[in-house]
Amino acid sequence: MCSTLRLDQTGKQGRLRRKVKTVGLQLAAPLAVLAVVSFAAGGANAAHRHAFARGGLAGKIQYCQDCHGLRGQGFRGYYPIPRLAGQQPQYFENQLQAFTEGRRPHPIMSVVAHTLSPATRAALAAHFASLNPPPIGGGPRRLVEAGRAIFQNGVPDENIAACAACHGPNAQGHGQIPRLAGQLYPYVVKALTNWSKERGRNPAISDTSAIMSPVAHSLNRSQAKAVAAYVSTLR
Ligand code: HEC
Ligand code: HEC
């Protein structure tokens, strides 16, 4: 693969190999759970990874599907795996870049994103943007109404901005601003409550996470849960 060649040239391949190995060990337990994600048998899972290693867009898509679901609908389990279906391509590509630049360090996705060329990233972004499976939901229904109010109007007394102002009235997002419609409840709660631990982590590179940062910090946990429950129901 061309990324391997690039790594060869810079002499970093060994380091990456070691990293992949460590990650493999650290993730042994979650990956066992992630295996359940696959809609295919365990053997097909291995076949997916083989296809990924061989390259080709179809193989890469299958590899993403192992975790993100057959139709990019996400996976609600031990560890939430976000929905990619219908995601804004610009946001999607920016996040892949963020995983590689340490702006958004993540044990799995940083390794995955490193292997993807810019052209492949763009093709994957276009593929997932074109999918629109129904949301898999998962949020407590009793929170949905409170979440809708926060999403549409914010909480002016508490200086909480209306999410709709940036993410759009139907939470479809735009450009660098992600779609939230149908995003998994536990994933959104985690993103909002951990914002500065997960994003904008490379001080040398400024990024769009700074726009969202004050909003995430303005929400308390129950407000974050309410708004997450609301967006998880949207198509
Ligand atoms: C082994 C499981 C796994 C595989 C395989 C995987 N991902 Fe992910 N991906 C994750 C997890 C877990 C997250 C959430 C990271 C977090 O919590 O911040 C994620 C996050 C993402 C995000 C950020 C989504 C958002 O809303 O911010 C994108 C984009 C993404 N993955 C794309 C891909 C693509 C493209 C592939 C295939 C080339 C892929 N992933 C393969 C597990 C996986
Ligand atoms: C001023 C514009 C703005 C407002 C208002 C705003 N956001 Fe965001 N939001 C963004 C941007 C930009 C990003 C992308 C950040 C990045 O690139 O890391 C984002 C990202 C997110 C993400 C991460 C999505 C993912 O797939 O990982 C969540 C969740 C989110 N916003 C929820 C909210 C909620 C809930 C509100 C309302 C309380 C809100 N946002 C209000 C601009 C905004």
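Predicted model: local features only at pLDDT ≥ 70, side-chain atom pairs only at ≥ 80, totals over all residues.
Local features require pLDDT of at least 70 and side-chain atom pairs pLDDT 80 or more, while totals for chains, interfaces and linings use all residues. Residues are numbered from 1 along each chain as its sequence is written, chains are lettered from A and ligands numbered from 1 in written order, and side-chain values use heavy atoms, without hydrogens and water.

The iron atom of ligand 1 has His68 (NE2) and Met109 (SD) as its protein donors, at 2.1 to 2.3 Å. Donors are N, O and S atoms within 2.8 Å of the metal (3.2 Å for Na, K and Ca); water is not among the atoms, so sites may look incomplete. The six donor atoms subtend angles of 85 to 179°, so the arrangement is octahedral. For six donors, that term requires opposite donors over 155 degrees apart and all others between 65 and 115. His68 belongs to helix H5 (residues 57–68) and Met109 to helix H7 (residues 109–114), so the pair ties together parts 41 residues apart in sequence. Helices are DSSP runs (H or I, at least four residues), numbered from the N terminus. His68 is buried at 11% relative accessible area. Met109 is also buried, at 18%. Buried means under 20% relative accessible area (1.4 Å probe, protein chains only).

Relative accessibility is 11% for His167 and 19% for Met212. Both count as buried.

The largest nonpolar core has 29 residues. Such a core is a set of buried Ala, Val, Leu, Ile, Met, Phe, Trp, Tyr and Cys residues joined through side-chain atoms within 4.5 Å. Ile150, Phe151, Leu192 and Val231 touch the most other members. H9, H11, H13 and H14 each give two or more residues to this core. H14 provides the largest share, seven residues. A second, separate core of 15 residues includes Leu84, Ala85, Val112 and Ala113.

Phe151 is in contact (heavy atoms within 4.5 Å) with residues including His167, Val227, Tyr230 and Val231. Helix H14 covers residues 221–233. Its buried residues, among them Val227, Tyr230 and Val231, pack against helices H9 (144–153), H11 (185–193) and H13 (209–218).

Technical notes: Expected span 1.5 Å × (residues − 1). Buried < 20%, exposed > 50% of the residue type's maximum accessible area, 1.4 Å probe, protein only. Tetrahedral: all angles 85-135°; square planar, octahedral: opposite > 155°, others 65-115°. Lists of a residue's contacts leave out its neighbours within four places in sequence.
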